[in-house]
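Subject: Structure handover

Hello,

Here is the structure I promised to pass on. Please have it open while you read. My notes follow below.

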Amino acid sequence: MNTIADLLARDQAHLLHPLHDAALHEHARVWVSGQGAILTDADGYEFIDGLSGLWNVTAGHGRSELVEAMRKQASTLAYASVYSGSSNPRAIELAEQLATLCYPSINQFFFTSGGGEATESSIKMARSYWKLRGQPTKTKVISRVEGYHGATLAAMSATGLSPYWPLFEPRVPGFLHIPSPYPYRYEAPNGESQGIAAANELERAIRREGADTVAMFIAEPVQGAGGVIVPQDDYFHRIRAICDHYQVLLVADEVITGFGRTGQLFALAHWGIEPDIVQFAKAITSGYFPFGGIGISDTIADTLRETGRPWMHAYTYSGHPVGCAVAIRMLRIIKDESFPEQAATKGRRLLNSLRSALGNHPHVGDIRGKGLMCAVELVEDPASKQSFSADRKIGIAVNREAVARGLFSRVKGDCYLLAPPIVTTESQLDKAVDIVAESVRSVLS
Ligand SMILES: Cc1ncc(COP(=O)(O)O)c(C=O)c1O
């Protein structure tokens, strides 16, 4: 009774899934174990974990150090609140360590159970900051098309992927989106740098809305779920300058990019700028414990401190001792195993191999990536960048072929996404590339 078919029959009777889609779920795998970059399903088949779970399992499966950190902390103190009036040593140590590792101006941290809660926390932090500074009308949130910031109601309203909205409207008022810098598709006016033009979309939106109404701009340094969209090198510089000029807080959503994935510990370091708020989750515990959080700039922290007013935002599991213990152990792994450097080196290999294998394919429009996150965008006609019509479901077909060959990942439309664990071996990376190439050829021969 433990084959995939048996398990799925019971699953379908009682389990509602994130992004629940009964038709898609017909072909679901049921995972029973993992080791390194390999996942094993209930029928005993092995797959390369092409998206590190959901971008989070950077240290790979079966890490006994993380399990031991969890066991040790749970057997000493499994839970205690960190609401004001309580604390625990692991939460204190984790915040201390993050202060030394994160952007220099960010030294104070609030912990959550994941990325969506981190987005909620950033929004509430930004709004409260402006209220405490005597500018209560600064409440709006600007984000980007193709951005993903979570699925709770306010996070969903910041998310710029429209399929997430219709069943749950109305969205929270005061949220608006500007275009993504999307190098493959963004059209800058003649002669203008694409990155500067895309960043100037933010200035236009702030001026249109009125700077006195805008609290924050939130952006993933590399858009992940939206299709691994890597911005132009001049984009975030200009964004920082615009945020400074109009007094709009810059929130870096590093839920995917944080802790090494792109080749830097935190990804805005690629472009030499710092955010006012950084949010993180996923790789901070490599998925071994649901955990996330935000870090705030000294300016914001000073404002909170000086006013002394209670900040009425809270989660029961904020600063969870077991989550903090796993995160602390994970920070050691990241350092000892040089995760940012590994991600940079392996990411270059992955991107170059994908380009060699598929660069000349007549339906490959773009192959892009930064560190160990890549995407292959399939199009009807590379010359015009014309997409396939959605009802052909090309991305889903390619993904199905890849699964049949032993690579498990996700697609966004017709973009095949790859972000395997940082511990993935070179031969596993090469195999993943072979599978993507064969799968594309078999669907689009
Ligand atoms: C950039 C980003 N922000 C926020 C989230 C939401 O995180 P969670 O699913 O833990 O709520 C995600 C999840 O993929 C993400 O990629």
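Start at S338: this residue follows helix α11 and has a positive phi, near 45°. Helices here are DSSP runs of H or I with at least four residues, strands are E runs of at least two, and both are numbered from the N terminus.

Before going on, some ground rules. This is a predicted model, in which local features need pLDDT of at least 70 and side-chain atom pairs count only at pLDDT 80 or more, while totals for chains, interfaces and linings use all residues. Residues are numbered from 1 along each chain as its sequence is written, and side-chain values use heavy atoms, with hydrogens and water left out.

Back to the helix. Of the 16 residues, 13 are buried, so α11 is largely enclosed by the rest of the structure. Buried means under 20% relative accessible area, exposed over 50%, and partly exposed in between (1.4 Å probe, protein chains only).

Next, the hairpin. Strands β11 (364–369) and β12 (374–378) run antiparallel and are joined by five bridges. Two strands pair if DSSP finds at least two bridges between them. I367 stands opposite V376 in β12. Four residues lie between the strands, and G371 in the turn has a positive phi of about 60°.

E377 also sits in β12. E377 is buried, at 5% relative accessible area. Its side chain makes a polar contact of 2.9 Å with that of R185. A polar contact is a pair of N or O atoms within 3.5 Å; within protein, one must be able to donate a hydrogen and the other to accept it, and residues adjacent in sequence count only if both atoms are side-chain atoms.

Now the ligand. Which residues are around it? They are G114, G115, G116, Y148, H149, G150, E220, D253, V255, I256 and K282. Each has a heavy atom within 4 Å of the ligand. A backbone N or O atom of G116 lies 2.6 Å from a ligand oxygen. A side-chain N or O atom of D253 is 2.7 Å from a ligand nitrogen. The protein covers 78% of the 390 Å² of accessible area that the ligand has on its own (Shrake-Rupley method, 1.4 Å probe; for residues, only the protein chains shown count as cover).

Last, the start of the chain. N2 lies in the segment before α1 (4–14). N2 counts as exposed, at 54% relative accessibility.

Best wishes
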